[in-house]
Amino acid sequence: MDILVRDDYLDGKEQNHARNDRNLHAPPSLGAQATRYLPADLFAKYRSIRADISNSEFYSNPKHRKTMEIWCAARFGRAYEAHLGPCALWVHDRDEQTDADVALEVNGVRYPFQITEVQKQDRRRGDEYRVGVLSSRTTVEDWDNGREQGPTWFRAAIERKLHRYGGEVSGLNLLVYLNYVAIEQPYFELQNAVAEVAARFLSVRVLNGNALACISTNSTALNGPLEWMFNPVGLDDDEH
């Protein structure tokens, strides 16, 4: 089934997260129409969608944001399954404006998450495919800058979520995709940079191109905090 999204997906999704439930003391809802997938099946679904979309279209058109969320959810599930145990994922096959983007199912219980993305400051998705945007080319300085500034960008993304809900986020699980280049992304530097703000959430987990980690958790239901859990052999080709 195709993923159907609106052209205003990026702005509309974030606004709807805030509009539906300003007080997230309780976990947000994914709604009743979500579909259950095993991690490998969800990644296969992503691949089938992505195969028909060029890189230029995928990275420059906001309507494909939903497909990126599917990639994040699939990678989350595959890493969790590889390191921590069996799981399933619940997502919408269409763009549904709900407070949660994905639910991780473990031992028959669903744990809803919102997905948010961290990019290099002042970068827009798809800049490398826009005519005349020369500054988007990755340089050695970008890798160094990501190493030095990444924790600050990470904290800013979490603070935006905190402020969006007026600080009432004790029921919210965050899955944060670190989508910027860096020589390395040291776990404890990331954790220290966000410790105070992350503690306000039910949990904060991070995903990059080849690993998953838990930065903070106030719940005993899922494992954490946990340092980087790197992809097993065979998962490293999961490019988006």
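Two strands pair if DSSP finds at least two bridges between them. By that criterion, β4 and β5 pair in the parallel sense over 6 bridges. The model is predicted: local features need pLDDT of at least 70, side-chain atom pairs count only at pLDDT 80 or more, and totals for chains, interfaces and linings use all residues. Residues are numbered from 1 along each chain as its sequence is written, and side-chain values use heavy atoms, with hydrogens and water left out. Helices (H or I, at least four residues) and strands (E, at least two) are DSSP runs numbered from the N terminus.

**Sheet**

- An open sheet is formed by 8 strands in the order β1-β2-β3-β4-β5-β6-β7-β8, and the pairing is mixed.
- β1 (35–37) and β8 (226–230) are the edge strands, each of which pairs on one side only.
- From one strand to the next, the twist averages 25 degrees.
- β3 and β4 run antiparallel and are joined by 5 bridges.
- Alanine 103 stands opposite proline 112 in β4, and the bridge partner of valine 102 in β4 is phenylalanine 113.
- The hairpin of β3 and β4 has 2 residues between the strands, and asparagine 107 takes a positive phi near 55 degrees there.
- On the β5 side, phenylalanine 113 stands opposite asparagine 173.
- Of the 10 residues of β4, 8 are buried (buried means under 20% relative accessible area, exposed over 50%, partly exposed in between; 1.4 Å probe, protein chains only).

- Helix α6 (residues 187–198) lies across β5, β6, β7 and β8, and runs at about 35 degrees to β7.

**Nonpolar cores**

- A nonpolar core is a set of buried Ala, Val, Leu, Ile, Met, Phe, Trp, Tyr and Cys residues joined through side-chain atoms within 4.5 Å.
- The largest core has 32 residues, and Leu42, Trp71, Leu104 and Phe113 have the most contacts inside it.
- At least two residues of this core come from each of α2 (39–50), α3 (55–60), α4 (65–83), β2 (88–91), β3 (102–106), β4 (109–118) and β5 (173–178).
- α4 gives the largest share of this core, 9 residues.
- Leaving out residues up to four places away in sequence, phenylalanine 113 touches several residues, including Phe76, Ala100, Asp101, Leu104, Leu175, Ser203, Arg205 and Leu222.
- A second, separate core of 26 residues includes Val118, Leu174, Leu178 and Tyr187.

**Polar contacts and cysteines**

- Aspartate 101 is found in the loop between β2 and β3 and is buried, with a relative accessible area of 3%.
- A polar atom of the aspartate 101 side chain lies 2.8 Å from the backbone nitrogen of isoleucine 115.
- A polar contact is a pair of N or O atoms within 3.5 Å; within protein, one must be able to donate a hydrogen and the other to accept it, and residues adjacent in sequence count only if both atoms are side-chain atoms.
- Serine 48, in helix α2, counts as partly exposed at 44% relative accessibility.
- The serine 48 side chain has a polar atom 2.7 Å from the backbone oxygen of lysine 45.
- Cysteine 87 is buried at 6% relative accessible area, and cysteine 214 is buried at 1%.
- A search of the whole structure finds 0 disulfides (a disulfide is a pair of cysteine sulfur atoms within 2.5 Å).

Terms used
Contact means heavy atoms within 4.5 Å. Axes are lines fitted to C-alpha atoms, for helices over the stretch in contact, and angles run from 0 to 180 degrees between N-to-C directions.
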